[in-house]
Amino acid sequence: MRDVFDAVIVGSGPNGLTAAATLAVAGRRVLVLEAADAVGGGARTDDAFGSGIARDVCSAVHPTGFVSPAFADLRLTEHGLRWLTPDVSLAHVADSDVIALRRGNRCLAEELGVDARRWERIVCSPDPAGLAADVLAMPGVPRRLLDMARFGPAALSPVDVLARAFRTDRAATAFAGIAAHAGRPLSAAGSSAAGLLLGMLTTSGWPVAEGGSQAIADALVSVIRGHGGVVETGVEVTDRAQLPSGCDVFLDTSPSLLRRLFGDQLGRRYGRALRRFDYGSGVCKVDYLLSEPIPWAHRPDVLADTATFHLAEGVEMIRATENDVAAGRVPRRPWILGGEPTRVDPGRAPAGVHLAWAYCHVPAGCDVDMSEAITAEVERAAPGFRDTVRGTIVTTATDLARHNANYVAGDINCGAASLRQLLARPILARTPQVTGVPGVYLCSSATAPGGGVHGMAGHRAARAALSARR
Ligand SMILES: Cc1cc2nc3c(=O)[nH]c(=O)nc-3n(C[C@H](O)[C@H](O)[C@H](O)COP(=O)(O)OP(=O)(O)OC[C@H]3O[C@@H](n4cnc5c(N)ncnc54)[C@H](O)[C@@H]3O)c2cc1C
């Protein structure tokens, strides 16, 4: 039975499923093998808080998925995916100050004052989705050369340098928070890249998927099955003998599985790149079941209209957290990324039940439960929050690594966003998914363009395979 396939895809994260869907639409017979009991990898939603309550296990907000050329090509919105896009893409809470970044840059002058024009010039693009498509296709030839000529050098700058362009702490803090999604010290070259990409996409929107991030994975599976593909769960691939013979192999996995299965055939360049491959810091996440939405003390109207918040008193708090983490220290007062999906998608829980999540960066491999530190930061900004908490699920960095082999030591992007790996992930090549072993592709977020639910690494691997077999 297994010999009837043209391609086997190991791992059903957004990249693996996108590779499989792209191949299936092109007429290839595909088999997806997933170690976990459910499909989706970082795009999974479960009912751990009880039936009828949809908790996102990992990813929750989808600025890159929303503009992903791969997802657009596969017409996921015709397969049940519905984006819910709040007016406020991101609210940054800095003590009593709340900065709202809205779709279409609405009210930017009120939010950023003298820095509004600078923010537009440095962070924004007249065509955010188009420029994001170019960035996600890097290192290909960009369509928007002028925009990329501006974006590229700025992305390679440290946040500490780029943020000097802002006159106010508010703009610098908002930018540093977005950039620090990548979990890099603010002094590191390349640390501005995530800030520019995700900051620019506050203009197009930071949506959630209706019903939970699983809807993205389910839409991809619908495309695959609709084209005759087969998806099997509960199958961990540890040996080449498990793979059907004579077909292309796509690994939506960490580089270590590629080395284990095909290390004897890898060329020197790719093999060396994998040996030098660096993983990033870890994450500790808390999911909250609440009796009411978070009782924010300041600008509750703004926070009622967003799925995403950042909590950091200023740039210094973000800098201290990321420096601690890079030095292997557990931050005492970490800056926080979080969200309240039920603000935007109330259908995820019955009436009177609300959901929130929050996480902070921790050193790689850290098994410390950060829930008290995280809850204390939310409580500071929203007195009374603790009284609304009906249940929590804590996932430490070591738990993350146990749940998903790609999250090595709790690194949610399967590879550090270091300067080297912004340029060469894992090698500098037009399609770094091509491993040099005939018919074998590495297509996870360990390859360019890196982390996030956008499927672009899988899409590029599939396109490379399709042109190789033409
Ligand atoms: C807590 C958290 C929050 C996040 N928040 C966001 C967010 O809000 N927005 C966003 O865009 N991104 C977010 N991310 C990042 C995003 O989820 C990942 O970058 C993305 O899922 C990577 O996709 P992928 O397909 O490369 O790998 P993954 O999604 O990790 O999928 C890999 C799959 O391969 C399977 N696998 C691995 N090894 C084997 C094997 N040997 N055999 C069989 N199967 C195997 C795994 O079980 C997994 O299902 C978050 C991640 C985490 C953990």
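The structure contains an open sheet of 5 strands, paired in parallel in the order β9-β2-β1-β10-β16; strands pair here if DSSP finds at least two bridges between them. Because β9 (230–232) and β16 (440–442) stand at the edges with a single partner strand each, one side of each lacks a neighbour in the sheet. From one strand to the next, the twist averages 15 degrees.

This is a predicted model, in which local features need pLDDT of at least 70 and side-chain atom pairs count only at pLDDT 80 or more, whereas totals for chains, interfaces and linings use all residues. Residues are numbered from 1 along each chain as its sequence is written, and side-chain values use heavy atoms, with hydrogens and water left out.

**Sheet and flanking helices**

- Helices (H or I, at least four residues) and strands (E, at least two) are DSSP runs, numbered from the N terminus.
- Strand β1 (residues 7–10) runs parallel to strand β2 (residues 30–33), and 4 bridges join the two.
- A7 has V30 of β2 as its bridge partner.
- Helix α11 (residues 214–226) lies across β2 and β9, at about 130 degrees to β9; axes are lines fitted to C-alpha atoms, for helices over the stretch in contact (heavy atoms within 4.5 Å), and angles run from 0 to 180 degrees between N-to-C directions.
- Helix α12 (residues 255–262) lies across β1, β10 (248–251) and β16, running at about 145 degrees to β10.

**Helix α6**

- Helix α6 is largely enclosed by the rest of the structure, because 8 of its 9 residues are buried; buried means under 20% relative accessible area, exposed over 50%, and partly exposed in between (1.4 Å probe, protein chains only).
- The buried residues of α6 are P128, G130, L131, A132, A133, D134, V135 and L136.
- These buried residues pack against α2 (63–66), α3, α7 (145–156), α10 (193–200) and α21.

**Second largest pocket**

- The second largest pocket holds about 590 Å³ of space.
- On a 1 Å grid over the protein atoms alone, a pocket is an open set of points where a 1.4 Å probe fits, with protein on both sides within 12 Å along at least five of seven lines; lining residues have an atom within 4 Å of a point.
- Grid points are joined across faces, edges and corners, and the volume is the space filled by probe spheres set on the points.
- The lining of the second largest pocket comprises 18 residues, of which A137, R143, M456, R460 and R463 are the closest to its centre.
- At least two lining residues come from each of α3 (69–73), α6 (128–136) and α21 (456–469), and α21 gives the most, with 5 residues.
- By class, the lining divides into 8 nonpolar, 3 polar and 7 charged residues; Ala, Val, Leu, Ile, Met, Phe, Trp, Tyr, Cys and Pro count as nonpolar, Asp, Glu, Lys and Arg as charged, and the others, Gly among them, as polar.

**Backbone geometry in loops**

- Most residues other than glycine have a negative phi, and most peptide bonds are trans.
- The peptide bond from R425 to P426 is cis, with omega near -5 degrees; P426 lies in the loop between α20 (419–423) and β16.
- The bond from A448 to P449 is also cis, with omega near 10 degrees, and P449 belongs to the loop between β16 and α21.
- D95, a residue other than glycine, has a positive phi near 55 degrees and is placed in the loop between β6 (88–94) and β7 (97–102).
- N105 likewise is not a glycine and has a positive phi of about 55 degrees; N105 sits in the loop between β7 and α4 (108–112) and is buried, with a relative accessible area of 15%.
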